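Have a look at the model first, then read on.

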Amino acid sequence: YSGPVCPIINEHFAEHLVGENCFATERHFDVMMRISSPYGSTGLTSYAISAVDLALWDLKGKLLERPVYELLGGPQKEKIFCYATGFDLEWYQELGFKAYKLPMTHGPVDGIEGLNEAEKLVAEARETVGDRAELMLDCWLALDVEYTVRLAERLRPYGLRWIEDYLLPEEMNGFADVRKRIPWQGLATGEHWYLPPTFAVAAERKLCDVFQPDTLWCGGLTSQLKIARIAEAHGIQVIPHGGMNWPYGQHLVYASSGMTWGERSDGVAAPDVPLEDMVRLPGTAVIKDGYLVPSDAPGFGIEIDE
């Protein structure tokens, strides 16, 4: 997304931020959100806000010679419990994961046959991982209310921890309908909700059990912290989308009491390739036996040769 995002930063945000105090992350987040509101501060704009905010937190840590998680209050847990997203469950088991999320392969257009295939997928997965492992299903914006309800009822025997991203992010009334019709099923969403106000509405209406904002998309670390406070006040968990893919989410989850799990959804899709060989951003800590401890290097610990 760098193509459309960079001009927002360089041609708009820069004139309001260059020369300001780099430690004032709260102020800069507020400025970026407000000056972009006339053309929309969500979506690609919130990606731009995230980029600037994360860079400032990294700089703050480097100048203070402390890892970002210490700036957030220090480690809240000894290590982060991680789950893997993808289809290669036997490989994830070898890597030491004990929780797994499957991508949904069918949708409403597939009708009852799609429900049959979904049940087959989940049933085989449950048999593979056993009844002591957590299992989830990611529908990635592909369903509607009726299909989500039918899917949940079909999959009830397999004990899914949650069903995720089943509706388009704007369908707030739809999320309310799903919540009402399947109160027994864990529900998760929010990677395509941007900035705290949307999460405040979702929390007030108790639309789901788990918020999944993406630190690179939702407005950065400053926004994530606001979302976490909203969630905690309403008894909702926060498990950031792809949080273990990059150092940003690693530091956030490590220092947050309301964030119990971390997701690895990037770079676990290649059987027999060690996770160490899948790192795309130098300095990113690697999951070992299903757990992760972030780098204690200054900032986010990112090592980039410009």
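**Notes on salt bridges and a patch**

1. Let's start with Arg66 and Glu70, whose side chains meet in a salt bridge, N to O at 3.4 Å. Keep in mind that this is a predicted model. Arg66 counts as partly exposed because its relative accessibility is 42%. Glu70 gets that label too, partly exposed, with 38%.

2. Next up is the pair Glu164 and Lys101, a salt bridge with the closest N and O atoms 2.7 Å apart. Glu164 sits in strand β4 (residues 162-164) and Lys101 in strand β2 (residues 99-103), so this pair ties together parts that are 63 residues apart in sequence. Are the two partners buried or exposed? Glu164 comes out at 0% relative accessibility, and therefore counts as buried. Lys101 is buried as well, its relative accessible area being 0%.

3. Then there is Arg179 with Asp209: their side chains meet in a salt bridge at 2.8 Å, N to O. Where do they sit along the chain? Arg179 is in helix α8 (residues 172-181), while Asp209 is in the loop between α9 (196-204) and β6 (210-211), so the pair links parts that are 30 residues apart in sequence. Arg179 has a relative accessible area of 15% and is buried, since the cut-off for that label is under 20%. Asp209, at 34% relative accessibility, counts as partly exposed.

4. Salt bridges that share partners join Lys101, Glu164 and Glu263 into one network.

5. Which residues form the nonpolar patch on the surface? They are Phe23, Leu59, Leu63 and Leu64, and together they have about 330 Å² of accessible area. Phe23 is found in the loop between α1 (2-17) and α2 (25-35). With a relative accessible area of 35%, Phe23 is partly exposed. Patch members need over 30% relative accessible area, so that cut-off is the one to hold against the value for Phe23.

Notes
Residues are numbered from 1 along each chain as its sequence is written. This is a predicted model: local features need pLDDT of at least 70, side-chain atom pairs count only at pLDDT 80 or more; totals for chains, interfaces and linings use all residues. Side-chain values use heavy atoms; hydrogens and water are left out. A salt bridge is a side-chain nitrogen of Lys or Arg within 4 Å of a carboxyl oxygen of Asp or Glu. Buried means under 20% relative accessible area, exposed over 50%, partly exposed in between (1.4 Å probe, protein chains only). Helices (H or I, at least four residues) and strands (E, at least two) are DSSP runs, numbered from the N terminus. Patches are made of residues with over 30% relative accessible area and no salt bridge: like charges are joined within 9 Å, nonpolar side chains (Val, Leu, Ile, Met, Phe, Trp, Tyr) within 5 Å. Accessible areas come from the Shrake-Rupley method with a 1.4 Å probe; for residues, only the protein chains shown count as cover.
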